[in-house]
Amino acid sequence: MDSVRAGLFRAAYLLYTNTSLGYYYHAHNLSSAQKKFTASAHRSHSKQKTVTFGCPSYLELHVIPFCLDNYAYIVVDTKYKTALIIDPGDAEPILAFFRQNLVIKPIAVLCTHKHWDHCAGNGLLLERYPYLQVFASEDDGAYLSNSTFRDAHRIQFETGPFGAKVVAYEMPGHTVGHALYCITPLQPIDSESERLNEEELSGPIILKNDIVGARDDKQTEQNGCLLEQEDQCAVTMTSAVPLLFTGDCLFVNGIGQMFECPSVVMAATLQRISHSFPDHTLVFPGHEYTLTFIKFALSDVDPDNPALKKRSDRVLSQLSKREPTVPVELGEEKQCNPFLRAHQLSSEKPEFLKKSPSDVLQLLAEKKAKFSKAMKSSNSSESNPLNQT
């Protein structure tokens, strides 16, 4: 019976990823979300959030919630008035942003992977802005992508200037060609000549500056939300940090389901993320799954983790105000996320003792699947099984 279920799911997954049936399935989810949030007097599952980097500001990141639990992102260069769009699974909130900000020109779309909830909006965006470059990895592709790359590729934009370093990485696991994008803000060194530091442009991603501001609960209350409205909040960071867009590879406190790759591949990807980017990197995933992953970790994997308990308190406070739980620092993620702690768990927890990181990862994925099934039976599950672990 299990093999029959696995076969049926594999067939459904192939139809979802490779045919227009997946597009209509996603459209159904968008419609369901619209009805749900209209009934609750909210426009989406979370508030929109703006994160401003630099003082004075020179890069703005807009968190765009859509569907039942998705996030898209718009990153604006305030100097050149250009913008990048990440994972537009729904074009409508993206187009609404640009209608409200007519001086800003979108120049490119960055798709992390081919699943429809991360690229279905490409069609309408290209109708409105036919010059857009739509990036996706060669091994995965995405709906209507017209620019592809290989691993660790420094992206160059043909449609306008953008004053930040953008590097694409192939990080397989959720899908075979899943991509991550790291955007590193760069400060102008000479406002009169408006030149960028060429050494930084060609150098490593790691920055010497650190986040100033929202680091603990008190500072978050004082410096975090500078603007509070019905459907918006804003945060200001006074220094530049790398921004890592992880799609469905890495969530806050979890990972995406391993649809197309074995656990050994995902384990290598997670290890690469842990070692390739500095701890103050800000992580922006594709879904609001944080609370469920925290509940899973506290109940079944890592209940005595003090960093996780502290994160849980903060997340409950954020969600009570409909604030997005993104971004998070990678360093904190390495302390709290059991999937990033596979190596430590193999020496700390009896059930994982002396197992390889990939074996621990597989066991965690199986435990999370059982946990999600139990949550479904109690009517508190997350929305889209095609994106869950």
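**Loops, helix packing and salt bridges in a predicted model**

Biologist: Where does D87 lie?
Modeller: D87 is in the loop between β4 (82-86) and α3 (91-100). Keep in mind that this is a predicted model.

Biologist: What is the phi of D87?
Modeller: D87 has a positive phi of about 55 degrees, although it is not a glycine. Most residues other than glycine have a negative phi.

Biologist: Is D87 buried or exposed?
Modeller: The relative accessible area of D87 is 2%, so it counts as buried.

Biologist: And what about L144, what is phi there?
Modeller: Phi of L144 is near 60 degrees, again a positive value in a residue that is not glycine. L144 sits in the loop between β6 (133-137) and β7. Its relative accessibility is 40%, which means that L144 is partly exposed.

Biologist: Where is Y143 found?
Modeller: Y143 is in the loop between β6 and β7. Y143 is partly exposed, because its relative accessible area is 31%.

Biologist: What does Y143 touch, not counting residues up to four places away in sequence?
Modeller: Y143 touches W116, C119, A120, N122 and G123.

Biologist: Changing topic. Which residues does a cis peptide bond join?
Modeller: A cis peptide bond joins V326 and P327, with omega about 0 degrees. P327 is in the loop between α9 and β19 (328-329). Most peptide bonds are trans.

Biologist: Now T281. Where is that one?
Modeller: T281 is in the loop between α7 (263-276) and β18 (282-285). Its relative accessibility is 0%, so T281 counts as buried.

Biologist: What lies 2.7 Å from a polar atom of the side chain of T281?
Modeller: That is the backbone oxygen of P278. Leaving aside neighbours within four places in sequence, T281 is in contact with P242, L244, V328, E329 and L330.

Biologist: You mentioned α7. At what angle do α7 and α12 pack?
Modeller: The angle between α7 and helix α12 (residues 357-377) is about 110 degrees, and their axes are 8 Å apart. The two helices are therefore roughly perpendicular to each other.

Biologist: Which residues make the contact?
Modeller: From α7 there are S263, V264, M266, A267 and L270, and from α12 there are P357, S358, L361 and Q362. By type, six of the contact residues are nonpolar, three are polar and none is charged.

Biologist: Which residues of α8 are buried?
Modeller: In helix α8 (residues 290-300), the buried residues are T290, T292, F293, I294, F296 and A297. The elements that cover them include β16 (250-251), β17 (254-255), α9 (306-320) and α12.

Biologist: On to charges. How many salt bridges does a search of the whole structure find?
Modeller: The search finds 16 salt bridges. One of the pairs is D151 with R272, where the closest N and O atoms are 2.9 Å apart. D151 is in the loop between β7 (147-149) and β8 (153-154) and R272 is in helix α7, so the pair ties together parts that are 121 residues apart in sequence.

Biologist: What does R311 form a salt bridge with?
Modeller: Its partner is E332, with the closest N and O atoms 2.9 Å apart. R311 is in helix α9 and E332 in helix α10 (residues 330-336), 21 residues apart, and the pair links distant parts of the chain. R311 counts as buried, at 1% relative accessibility. E332 has a relative accessible area of 23%, so it is partly exposed.

Biologist: And where do the side chains of R341 and E348 meet?
Modeller: They meet in a salt bridge, with an N to O distance of 3.1 Å. R341 is buried, because its relative accessible area is 8%. E348 is partly exposed, with a relative accessibility of 44%.

Biologist: Last one. Which residues are linked in a network of salt bridges?
Modeller: E138, D139, R150 and E170 are linked in such a network. Side chains of opposite charge can pair when their charged atoms come close.

Methods
Residues are numbered from 1 along each chain as its sequence is written. This is a predicted model: local features need pLDDT of at least 70, side-chain atom pairs count only at pLDDT 80 or more; totals for chains, interfaces and linings use all residues. Side-chain values use heavy atoms; hydrogens and water are left out. Helices (H or I, at least four residues) and strands (E, at least two) are DSSP runs, numbered from the N terminus. Buried means under 20% relative accessible area, exposed over 50%, partly exposed in between (1.4 Å probe, protein chains only). A polar contact is a pair of N or O atoms within 3.5 Å; within protein, one must be able to donate a hydrogen and the other to accept it, and residues adjacent in sequence count only if both atoms are side-chain atoms. Contact means heavy atoms within 4.5 Å. Axes are lines fitted to C-alpha atoms, for helices over the stretch in contact, and angles run from 0 to 180 degrees between N-to-C directions. Angles under 35 degrees count as roughly parallel, over 145 as roughly antiparallel, 65 to 115 as roughly perpendicular and the rest as oblique. Ala, Val, Leu, Ile, Met, Phe, Trp, Tyr, Cys and Pro count as nonpolar, Asp, Glu, Lys and Arg as charged, and the others, Gly among them, as polar. A salt bridge is a side-chain nitrogen of Lys or Arg within 4 Å of a carboxyl oxygen of Asp or Glu.
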